[in-house]
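Q: I would like to learn how to read the local features of a folded chain. Could we work through one case together?

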Amino acid sequence: MPLVAGVDSSTQSCKIVVRDAETGALIRQGRAAHPPGTEIDPGHWWSAFEQAVAAAGGLDDIDALSVGAQQHGMVCLDEDGRSVRPALLWNDTRSAAAAEQLVAELGGAQAWADAVGVVPVAAITVTKLRWLADHEPASADRTAGVCLPHDWLTWKLSGADGLDTLVTDRGDASGTGYYSTASDSYRPDLLELAFGARRPVLPRVAAPNESTGVAEIFAPGAILGAGTGDNAAAALALDARDGDVIVSIGTSGVVSAVSSAVVDDASGEVAAFADATGRQLPLLCTLNGAPVLDAVAGLLGVDHDRFAELALNSTSDGLVLVPYLSGERTPNRPGAAGALHGLRLTNTTPGHLARAAVEGLLCGLADGIDRLRDQGVRTERVLLVGGGARSRAVRALAPAIFGMPVAVPEPGEYVADGAARQAAWALSGTTAPPEWPRPAAAEFTAEPAPHIRERYAAVRDLTEH
């Protein structure tokens with residue numbers, strides 16, 4: 001029985017699953033935590049990977065492995081392959097001003113949309129390179145190669161030390177701001193624009209089903225898949241199809257859809273990302289996901305079960321929570337704060353606030369679904385995943401606010417599972433991914449409630465930028 005492993009190196013932790021390559025059946029799994037923060041020494045990713053391998057019972061018996069990881073993280077390496085500085089993660093907003101500069105220097109948002117399908121915001125790698133060039137020029141000068149978190153982990157597993165052996169895939173490369181999914185190629189001119197005319201080595205972009213080498217560490221001889229970004233990996237695990245919209249409520253909120261459409265959104269809200277199969281994955285991301293629910297539950301002094309009960313047994317009665325508690329990326333307001341609107345003597349109970357929190361979170365994500373539609377993407381059903389999808393209140397209210405059926409797959413490690421399916425694909429050498437069973441899902445429906453979204457839209461833009 002051939003076995004494959006999938007890795008999810010996320011913002012918060014490293015998860016590993018080992019699955020049967022032919023059936024997708026779960027054999028074992030393990031996980032380990034990452035340190036908090038918006039920058040991290042990549043060595044911590046490796047330490048967490050080691051701990052997760054041990055928790056999963058080792059990888060000596062696997063035949064192939066792929067890595068999925070958080071997107072956009074800037075990993076700078078010197079000529080000897082050592083980290084120049086801690087990696088800046090996607091949720092580090094210090095490059096917000098650099099993003100504005102880059103947009104202006106190329107001639108505006110439409111110029112970026114035309115060039116790479118991505119208008120720079122603080123999350124995107126290209127802006128972090130500009131920040132480094134401006135604020136730490138000595139570190140920029142030492143940078144001989146730039147890669148992403150999944151690229152770095154795959155490279156480490158291969159045991160290689162030369163920068164010319166770095167490899168990535170379309171899915172992750174498409175989130176850098178210097179790779180075009182329309183032409184399937186890097187834009188070195190944009191890299192130079194951001195990095196002060198420096199041109200470090202970039203990872204080779206592998207085909208989705210390619211075997212990129214073999215592991216020398218932890219799983220000697222196992223085939224290495226190309227790996228991919230977390231959102232593309234999750235879409236592969238969910239077997240998302242045309243018309244499915246994936247809404248993930250984790251640390252952030254993510255709205256994406258597998259599609260043949262190459263988007264060109266000058267607003268910068270919808271990014272022209274690629275998936276892990278050779279198609280497109282138009283995507284937008286908010287900075288505010290499940291932590292909004294955590295924060296309001298903490299404010300009320302209740303656990304999540306009681307929070308959901310409060311929300312479901314009340315209405316918001318005109319109370320609106322704009323959930324920009326961590327600034328915001330979509331819309332692009334890195335300095336924004338959250339706000340409550342419509343407070344009256346009649347709607348100041350814990351139930352009203354709990355309901356408003358759930359509605360506000362979902363309205364922000366529903367705005368994202370509208371943006372996909374504006375770009376010609378089919379949106380017929382929502383696949384709701386992530387930690388926030390475990391909330392009874394979120395599941396119950398989502399179909400009314402989204403205005404379409406919602407399927408909630410059983411909780412799982414979908415990024416790691418997608419990486420495992422990619423590993424099985426590389427092992428098989430076939431032209432299409434292996435047919436693994438689609439995750440079982442609970443279906444939720446409700447009458448659309450446009451008045452909730454209308455009330456949210458009336459105050460959303462009053463929030464301080």
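A: We may begin with one side chain: Trp45 is buried, as its relative accessible area is 1%. Buried means under 20% relative accessible area, exposed over 50% and partly exposed in between, with a 1.4 Å probe and protein chains only. The model is predicted, so local features need pLDDT of at least 70 and side-chain atom pairs count only at pLDDT 80 or more, while totals for chains, interfaces and linings use all residues. Residues are numbered from 1 along each chain as its sequence is written, and side-chain values use heavy atoms, with hydrogens and water left out.

Q: How many aromatic pairs does the structure hold?

A: Rings of Phe, Tyr and Trp (its six-membered ring) pair if their centres lie within 6.5 Å; planes under 30 degrees apart are stacked, over 60 edge-to-face, and the rest tilted. The structure holds 6 aromatic pairs. One of them joins Trp45 and Trp152, which is edge-to-face because the ring centres are 6.0 Å apart and the planes lie at 65°. This pair links distant parts of the chain, 107 residues apart: Trp45 belongs to helix 1 (residues 42–55) and Trp152 to helix 6 (residues 149–158). Helices (H or I, at least four residues) and strands (E, at least two) are DSSP runs, numbered from the N terminus. Trp152 also counts as buried, at 5% relative accessibility. Tyr179 and Tyr186 form another edge-to-face pair, with 5.5 Å centre to centre and 80° between the planes; Tyr179 is buried at 2% relative accessible area. Ring pairs also link Trp46, Phe49 and Phe218 into a cluster.

Q: Over which rings do the charged ends of Arg94 and Arg198 sit?

A: A charge sits over a ring if NZ of Lys or CZ of Arg is within 6 Å of the ring centre and within 35 degrees of the ring normal. The charged end of Arg94 sits over the ring of Trp131, 5.0 Å from its centre. For Arg198 the ring is that of Phe195, with 5.4 Å to the centre.

Q: What is Ser9 in contact with, beyond its neighbours within four places in sequence?

A: Contact means heavy atoms within 4.5 Å. With those neighbours left aside, Ser9 touches Cys14, His34, Trp45, Gly68, Ala69, Gln70 and Leu153. Ser9 lies in strand 1 (residues 3–9) and counts as buried because its relative accessibility is 0%.

Q: How many disulfides are there?

A: A disulfide is a pair of cysteine sulfur atoms within 2.5 Å. By this rule the count is 0. Cys14 is in no disulfide, and the nearest cysteine sulfur, that of Cys147, is 16 Å away. Cys76 is in none either; for Cys76 the nearest cysteine sulfur, again that of Cys147, is 8.4 Å away. Cys14 is buried at 1% relative accessibility, and Cys76 is buried with a relative accessible area of 2%.

Q: Which residues of helix 2 are buried, and why do they line one face?

A: In helix 2 (residues 96–106) the buried residues are Ala96, Ala98, Ala99, Leu102 and Val103. Seen down the helix axis they fall within an arc of 155°, so they line one face; the arc is that of the directions from the axis to the C-beta atoms. Glu100 and Ala104, on the other side, are exposed. The buried residues of helix 2 pack against helix 3 (109–116), helix 4 (125–135) and helix 8 (188–194). Gly107 follows helix 2 and has a positive phi, near 110°.

Q: How many residues has the largest nonpolar core?

A: In soluble globular proteins, nonpolar side chains tend to be buried together. A nonpolar core is a set of buried Ala, Val, Leu, Ile, Met, Phe, Trp, Tyr and Cys residues joined through side-chain atoms within 4.5 Å. The largest has 54 residues, and those with the most contacts inside it are Val247, Ile249, Val358, Leu362, Val382, Leu384 and Phe402. Helix 12 (residues 350–374) gives the largest share of this core, 12 residues. Apart from this core lies another, of 50 residues, among them Val119, Leu190, Leu238 and Val415.
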